[in-house]
Amino acid sequence: MIEVKQGNLTYFRFEIFKPYPELVHGIFTRQGGVSPPPFNNLNMSTSQGDTSRNVTRNRNIMAESLGFKKTAFVHQVHGTTVLPLKTITDIQAANAIEADAMVTDQPDVLLCIKLADCQAVLLYDPARRVIANLHSGWRGSIADIIGKTVAVMKNAFDCDPARMIAGIGPSLGPCCAEFVHYKKEIPEPFWQYKDDKDRFDFWQISRDQLIGAGLPIDNIQTARICTKCRSDRFFSYRKEGKTGRFTAAIGLNPPTCNTI
């Protein structure tokens, strides 16, 4: 991944999205914000006890660093609801809606997912200029929120999975995703992704789900950064318990117009 430093901020970009200048994205670390411990520093969520003032300031810092003023966050519930955002009214209403994925073709808005070990998966169809951002924890993974998001892109925005490009963000890696009670929590078809220490490779699960949804394997990039191992850079619920949430964001610049 490409590491970007901007003042006190540090965020990452996927190389696979580099050929598309109209696409703006960033996987933000916990650095560069205003929240005090245990939310230090760039915390994007009030759900763990940080103040709305701090979180609002952090969100503004994040958005401004990418050149955006509008953001769309949803109330994430580890479900599989995919929210199509087709109008400005849809975008304005998003913050109050329970969902774990967003899809839009609207420019000038960042689709933002909050994370602390779960995956963000960023999707782009360059021909249709449609983006998606989804939150996939282990519950979302076994319920195939990835496949459901690709289906919404196909059915609601006329996208073709064969054109789509995907980035799988920093998250709990196969080194640390231990599930002691996996027989009760995770369906048996997923046990093939487990090692002999009951650790699951959710990175590979996501890759396989993307391929199963029709994406070419060469169109998928995985960050391969474990958030628990790198809790100095990213918030990690597994490592810290009460902690903040970092953000994966993706947006579109407006199309340029050639004038004579």
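Which side chain has a polar atom 2.9 Å from the backbone oxygen of N40? The side chain is that of R30, and this contact is one of several local features set out below for a predicted model. In this model, local features need pLDDT of at least 70 and side-chain atom pairs count only at pLDDT 80 or more, whereas totals for chains, interfaces and linings use all residues. Residues are numbered from 1 along each chain as its sequence is written, and side-chain values use heavy atoms, with hydrogens and water left out.

**Overall form**

- The secondary structure of the protein chain comes to seven helices and twelve strands, where helices (H or I, at least four residues) and strands (E, at least two) are DSSP runs numbered from the N terminus.
- The radius of gyration, taken over C-alpha atoms, is 17 Å for the protein chain, close to the 18 Å that the globule rule gives for 260 residues, so the chain is as compact as a globular protein of that length; the globule rule is 2.2 Å times the number of residues to the power 0.38.
- Taken along the principal axes, the C-alpha atoms of the protein chain fill a box of roughly 65 × 45 × 35 Å.
- Of the 260 residues of the protein chain, 53% count as buried, a term that means under 20% relative accessible area, with exposed meaning over 50% and partly exposed in between (1.4 Å probe, protein chains only).
- Among contacts (heavy atoms within 4.5 Å) in the protein chain with a separation of 6 or more, residues 24 or more positions apart account for 62%.

**Nonpolar cores**

- A nonpolar core is a set of buried Ala, Val, Leu, Ile, Met, Phe, Trp, Tyr and Cys residues joined through side-chain atoms within 4.5 Å; the largest one here has 33 residues, of which F17, I27, A72, L85, M102 and L122 touch the most other members.
- The elements that give two or more residues to this core are strand 3 (23–28), strand 5 (82–85), strand 7 (109–115), strand 8 (119–125) and strand 12 (246–252).
- A second, separate core of 22 residues includes V103, L123, V152 and M164.
- Leaving aside neighbours within four places in sequence, F17 is in contact with L23, H25, L122, Y124, I165, A166 and G167.

**Aromatic rings and charges over them**

- A search of the whole structure finds eleven aromatic pairs, a pair being rings of Phe, Tyr and Trp (its six-membered ring) whose centres lie within 6.5 Å, with planes under 30 degrees apart counted as stacked, over 60 as edge-to-face and the rest as tilted.
- The pair of W138 and F179 is edge-to-face, because the ring centres are 5.8 Å apart and the planes stand at 70 degrees.
- This pair links distant parts of the chain, 41 residues apart, with W138 in helix 3 (residues 138–142) and F179 in the loop between strand 10 (165–168) and helix 5 (182–185).
- Ring pairs link W138, F179, Y182, W191, F200 and F202 into a cluster, and F179 counts as buried at 6% relative accessibility.
- The charged end of R238 sits over the ring of F179, 5.0 Å from its centre, where sitting over a ring requires NZ of Lys or CZ of Arg within 6 Å of the ring centre and within 35 degrees of the ring normal.
- The charged end of K86 sits over the ring of F157, 5.1 Å from its centre.

**Helix 6**

- In helix 6 (residues 202–212), the buried residues are F202, W203, I205, S206, R207, Q209 and L210, and they pack against strand 8, helix 3, helix 4 (145–157), strand 10 and strand 11 (220–222).

**The loop between strand 3 and helix 1**

- R30 lies in this loop and is buried, with a relative accessible area of 6%.
- Not counting residues up to four places away in sequence, R30 touches P38, N40, N41, L42, S231, D232, R233, F234, F235, E240 and T243.
- S45 also has its place in the loop between strand 3 and helix 1 (52–65), and at 7% relative accessibility S45 counts as buried.
- The side chain of S45 makes a polar contact with the side chain of S47 (2.8 Å); a polar contact is a pair of N or O atoms within 3.5 Å, where within protein one must be able to donate a hydrogen and the other to accept it, and residues adjacent in sequence count only if both atoms are side-chain atoms.
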